[in-house]
Amino acid sequence: ELVRLHWWLADARSWQGQYDDNMKIGEDGLELLGVDLGAIHTPASAKVLESLEVALMCTVLAYSHWFGSRRNLNKCWEIADRLAHFIPCLPYAPELRPTYVLLCEVCIQQNNTEEALKWMHLLEDRANQDCDLRALGAAHLESAYTLNLSGNLKGALSSYKQGLEHFQRI
């Protein structure tokens with residue numbers, strides 16, 4: 001439960017742009033779980049480390065590496081790559097919405113719009129099953145952004161409208 005509190009604190013701080021502070025929160029959360037960030041990348045430890053709480057703390061760290069003052073996109077992408085291996089195996093939780101969005105945005109940064117859309121379709125499917133309107137809206141808006149970048153303006157507009165419809169229902 002303490003790790004979940006770390007997540008919510010980091011979420012609130014990210015809205016304030018406090019990504020440098022979030023780096024420490026993410027590291028402390030992993031420490032509470034007894035997880036070394038370096039170990040997350042080793043296949044032998046995968047079963048132990050593939051949990052919602054680890055995913056949440058890794059998401060905090062990835063965003064901190066991306067938007068913090070000590071910007072390190074390679075580290076962000078490394079963490080996102082590890083997340084991509086186990087996120088589909090986890091049961092859906094609303095707290096994972098930013099993780100799916102992170103994976104989509106990293107794919108966009110790497111000019112892989114097809115993979116970005118796959119992440120948003122997976123989020124949409126899971127959010128539909130969970131009746132998570134906020135995640136449905138986010139999935140459609142991220143898809144609209146991605147489709148726009150790929151030149152599919154008609155698809156982008158349609159997805160944008162669907163996203164707004166979900167947000168209006170909240």
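The model is predicted, and local features are reported at pLDDT of at least 70, side-chain atom pairs at pLDDT 80 or more, and totals for chains, interfaces and linings over all residues. Residues are numbered from 1 along each chain as its sequence is written, and side-chain values use heavy atoms, with hydrogens and water left out.

The largest pocket holds about 470 Å³ of space. A pocket is here an open set of points on a 1 Å grid over the protein atoms alone, where a 1.4 Å probe fits and protein lies on both sides within 12 Å along at least five of seven lines. Its volume is the space filled by probe spheres set on the points, which are joined across faces, edges and corners. The pocket is lined by 18 residues, of which Asp11, Ser14, Trp15, Tyr63 and Pro98 are the closest to its centre; a lining residue has an atom within 4 Å of a point. Helices H1 (2–15), H2 (19–32), H4 (52–67), H6 (97–109) and H8 (133–149) each give two or more residues to the lining. Helices are DSSP runs of H or I with at least four residues, numbered from the N terminus. By class, the lining comprises 10 nonpolar, four polar and four charged residues, where Ala, Val, Leu, Ile, Met, Phe, Trp, Tyr, Cys and Pro count as nonpolar, Asp, Glu, Lys and Arg as charged, and the others, Gly among them, as polar.

In H6, 11 of the 13 residues are buried (under 20% relative accessible area with a 1.4 Å probe, protein chains only; exposed is over 50%). Among them are Pro98, Tyr100, Cys104 and Glu105. The cover over the buried residues of H6 includes H1, H4, H5 (73–86), H7 and H8. Asn111 follows H6 and lies in the loop between H6 and H7. Its phi is positive, about 60°, although Asn111 is not a glycine. Most residues other than glycine have a negative phi. Asn111 is exposed, at 71% relative accessibility.

Cys131, in the loop between H7 and H8, also has a positive phi, near 55°, and is exposed at 64% relative accessibility. At the start of H8, a side-chain oxygen of Asp132 comes within 3.3 Å of the backbone nitrogen of Arg134. H8 has 17 residues and reaches 24 Å from its first C-alpha to its last, close to the 24 Å expected. Its buried residues include Ala135, His140, Glu142 and Leu147, and their cover includes H6, H7 (113–130) and H9 (153–168). Just after H8, Gly151 takes a positive phi of about 90°.

In H4, Met57 is buried at 0% relative accessibility. Leaving aside neighbours within four places in sequence, Met57 is in contact (heavy atoms within 4.5 Å) with Val3, His6, Trp7, Ile25, Gly26, Gly29 and Leu30. Met57 and Trp8 are 49 residues apart in sequence and 10 Å apart in space, C-alpha to C-alpha.

Definitions and conventions:
The expected span of a helix is 1.5 Å times one less than its number of residues. A polar contact is a pair of N or O atoms within 3.5 Å; within protein, one must be able to donate a hydrogen and the other to accept it, and residues adjacent in sequence count only if both atoms are side-chain atoms.
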